[in-house]
Amino acid sequence: MDQIAEKIGAGLSGKNFDGSLKFDCGEDGVIVLADGEASTDDQDTDCTIRISQDNLVKLLTGKLNPMTGVMMGKLKVSGDMGVAMKLGKLLG
């Protein structure tokens, strides 16, 4: 998870991301995006995306479309959907 967090953090550098978001990968851990950084320290966030670590990698590499993932049940979004939408623009 640390390597994935580092790659996300590198992708966020220099970009403005308001709000906080957590990728919850269950037993594999979490990645929290807050204050322009990505970390593996769990905390409360505006939005939580529950996703397997494998599907998270696919999502971040463009192999899993976020909307398709939601419809197929591969990821579940709870909290502020606006924050999740901002993430899509940053990673896209």
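Guide: Residues count as buried under 20% relative accessible area, exposed over 50%, and partly exposed in between (1.4 Å probe, protein chains only). This is a predicted model: local features need pLDDT of at least 70, side-chain atom pairs count only at pLDDT 80 or more, and totals for chains, interfaces and linings use all residues. Residues are numbered from 1 along each chain as its sequence is written, and side-chain values use heavy atoms, with hydrogens and water left out.

Visitor: Is M67 buried or exposed?

Guide: M67 lies in helix α3, residues 66-71. Helices (H or I, at least four residues) and strands (E, at least two) are DSSP runs, numbered from the N terminus. The relative accessibility of M67 is 52%, so M67 counts as exposed.

Visitor: What is the area of the nonpolar surface patch made by M67, M71 and M72?

Guide: Patches take residues with over 30% relative accessible area and no salt bridge; like charges are joined within 9 Å, nonpolar side chains (Val, Leu, Ile, Met, Phe, Trp, Tyr) within 5 Å. Areas come from the Shrake-Rupley method with a 1.4 Å probe, and for residues only the protein chains shown count as cover. M67, M71 and M72 make a nonpolar patch of about 390 Å².

Visitor: Is K22 buried or exposed?

Guide: K22 sits in strand β1, residues 21-24. Its relative accessible area is 11%, so K22 is buried.

Visitor: Which residue in β4 does K22 stand opposite?

Guide: Strands pair if DSSP finds at least two bridges between them. β1 and β4 run parallel, joined by 4 bridges. In β4, the residue opposite K22 is T48.

Visitor: Which residue has a backbone oxygen that the side chain of K22 reaches?

Guide: K22 has contacts (heavy atoms within 4.5 Å) beyond four places in sequence, including V30, I31, Q43 and I49. At 3.2 Å, the K22 side chain reaches the backbone oxygen of Q43.

Visitor: Is D42 buried or exposed?

Guide: D42 is in the loop between β3 and β4. Beyond four places in sequence, D42 touches K22, V30 and V32. Its relative accessibility is 54%, so D42 counts as exposed.

Visitor: What N to O distance is found where the side chains of K22 and D42 meet in a salt bridge?

Guide: A salt bridge puts a side-chain nitrogen of Lys or Arg within 4 Å of a carboxyl oxygen of Asp or Glu. By this rule the count is 1 salt bridge. The pair links distant parts of the chain, K22 in strand β1 and D42 in the loop between β3 and β4, 20 residues apart. The N to O distance for K22 and D42 is 2.9 Å.

Visitor: What separates the C-alpha atoms of D42 and A5?

Guide: D42 and A5 are 37 residues apart along the chain. Their C-alpha atoms are separated by 12 Å.

Visitor: How many of the 5 residues of strand β4 are buried?

Guide: β4 covers residues 47-51. It is largely enclosed by the rest of the structure, because the buried residues among its 5 number 4.

Visitor: Which residue in β5 does I49 stand opposite?

Guide: β4 and strand β5, residues 75-79, run antiparallel. They are joined by 5 bridges. In β5, the residue opposite I49 is V77.

Visitor: What value is phi of D35 near?

Guide: D35 is in the loop between β2 (30-34) and β3 (37-39). With 75% relative accessibility, D35 counts as exposed. Its phi is positive, in a residue other than glycine, and is near 55°.

Notes: A polar contact is a pair of N or O atoms within 3.5 Å; within protein, one must be able to donate a hydrogen and the other to accept it, and residues adjacent in sequence count only if both atoms are side-chain atoms.
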